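Dear colleague,

I am passing on the structure that I promised to send you.

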Amino acid sequence: MDGVTVTPLKKIATGKGDVLHAMKATDEGYCGFGEVYFSEVYGGQRKGWKRHNRMTLNLVVVKGAIRFIIVNDKTNEREEVVLSPDGNYARLTVAPGLWMAFEGVAEGVSLLMDLIPEPHDPAESDRRDEI
């Protein structure tokens, strides 16, 4: 889908715990730094739907497994991506204007990190219960 990119990331195994790369300022998809936040989601639970009007999202799952559902309501396209540090370890970049929800697909708590180009502003996004 136009506006959605999945970028494989490096995971470096060490004897004392893995190093998980997320993003460098030189990476495709990087569009500035405003805030980094983490969001938890429980297995079987869904958060969404939300559409950002200005911000590009750069999402990395650092614990568990999360399914992202992205919808372009102008073209009726839909894409699903599952990310996990133990499987598909990658960064999901989502352009402004696309609806997104995500759900925990692992038991227990899954955790994502999002790097956004400006501090969070509730007026910058739209929300819906369903798409």
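This is a predicted model: local features need pLDDT of at least 70, side-chain atom pairs count only at pLDDT 80 or more; totals for chains, interfaces and linings use all residues.

Residues are numbered from 1 along each chain as its sequence is written, and side-chain values use heavy atoms, with hydrogens and water left out.

With a relative accessible area of 2%, arginine 91 is buried (under 20% relative accessible area, with a 1.4 Å probe and protein chains only). Its side chain makes a polar contact of 3.5 Å with that of aspartate 27 (a pair of N or O atoms within 3.5 Å, where within protein one must be able to donate a hydrogen and the other to accept it, and residues adjacent in sequence count only if both atoms are side-chain atoms).

As for S9 itself, five of its five residues are buried; Arg91 and Thr93 point one way, and Ala90, Leu92 and Val94 the other. In a regular strand the side chains alternate between the two faces of the sheet.

S9 pairs in the antiparallel sense with S1 (residues 4-8) over five bridges and with S6 (residues 57-63) over four bridges, where pairing requires at least two DSSP bridges between two strands. Threonine 93 is the bridge partner of threonine 5, and valine 94 that of leucine 57.

With best wishes

Notes:
Buried means under 20% relative accessible area, exposed over 50%, partly exposed in between (1.4 Å probe, protein chains only). Helices (H or I, at least four residues) and strands (E, at least two) are DSSP runs, numbered from the N terminus.
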